Amino acid sequence: MKPTLFNAAISLVPGTQVSYNGTTLIWHEYKEPPVTETELSAELQRLITEYEAKEYQRLRAPEYPPITEYIDGVVKGDQTQIDKYIADCLAVKAKYPKVSELN
């Protein structure tokens, strides 16, 4: 899920008790927010950038074959099955390359 101000607050002040109603942060342990709006905005942007950079991981995950196919091939000593599993994984990786692989 894309990061929100709540995630930025927790990242900047780990262990804090904070609520987020979609627009406003409510700091339960502080009379004044322990971080500035600028700090929150910068941290939120950092988290969003990190999230977007890992989109390839989210796209790959549901398309990878089940690991049980590989394990079954190993247990049976079936190199053809193992090779197919590896080829299927490499095909998914090629379909959704890391951003750094595009450059």
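Which side chains meet in a salt bridge at 2.9 Å, N to O? They are Asp72 and Lys76. A salt bridge here is a side-chain nitrogen of Lys or Arg within 4 Å of a carboxyl oxygen of Asp or Glu. This is a predicted model: local features need pLDDT of at least 70, side-chain atom pairs count only at pLDDT 80 or more, and totals for chains, interfaces and linings use all residues. Residues are numbered from 1 along each chain as its sequence is written, and side-chain values use heavy atoms, with hydrogens and water left out.

**Fold and overall shape**
- The protein has six helices and two strands, as DSSP runs numbered from the N terminus (helices H or I, at least four residues; strands E, at least two).
- From the N terminus the order is α-β-β-α-α-α-α-α.
- The radius of gyration is 21 Å, well over the 13 Å that the globule rule gives for 103 residues, so the protein is more spread out than a compact globule. The radius is taken over C-alpha atoms, and the rule is 2.2 Å times the number of residues to the power 0.38.
- The C-alpha trace spans about 65 × 35 × 20 Å along its principal axes.

**Burial and contacts**
- Of the 103 residues, 24% count as buried. Buried means under 20% relative accessible area, exposed over 50%, and partly exposed in between (1.4 Å probe, protein chains only).
- Among contacts with a separation of 6 or more, 44% join residues 24 or more positions apart. A contact means heavy atoms within 4.5 Å.

**Charges and salt bridges**
- There are 11 positive and 15 negative side chains. Lys and Arg count as positive, Asp and Glu as negative; His and the chain ends are not counted.
- The salt-bridge count comes to six.
- Asp72 and Lys76 are four residues apart in helix H4, separated by about one helical turn. Asp72 is partly exposed at 34% relative accessible area, while Lys76 is exposed at 52%.
- Lys2 pairs with Glu52, with the closest N and O atoms 3.9 Å apart. This pair links distant parts of the chain, 50 residues apart: Lys2 precedes helix H1 (5-12), and Glu52 sits in helix H2 (residues 37-53).
- Lys95 and Glu63 form a salt bridge at 3.1 Å, N to O. Lys95 lies in helix H5 (residues 79-95) and Glu63 in the loop between helix H3 (55-60) and helix H4 (67-76), so the pair ties together parts 32 residues apart in sequence.
- A network of salt bridges links Glu43, Arg46 and Glu50.

Key. The place of a charge is taken as NZ of Lys, CZ of Arg, CG of Asp or CD of Glu.
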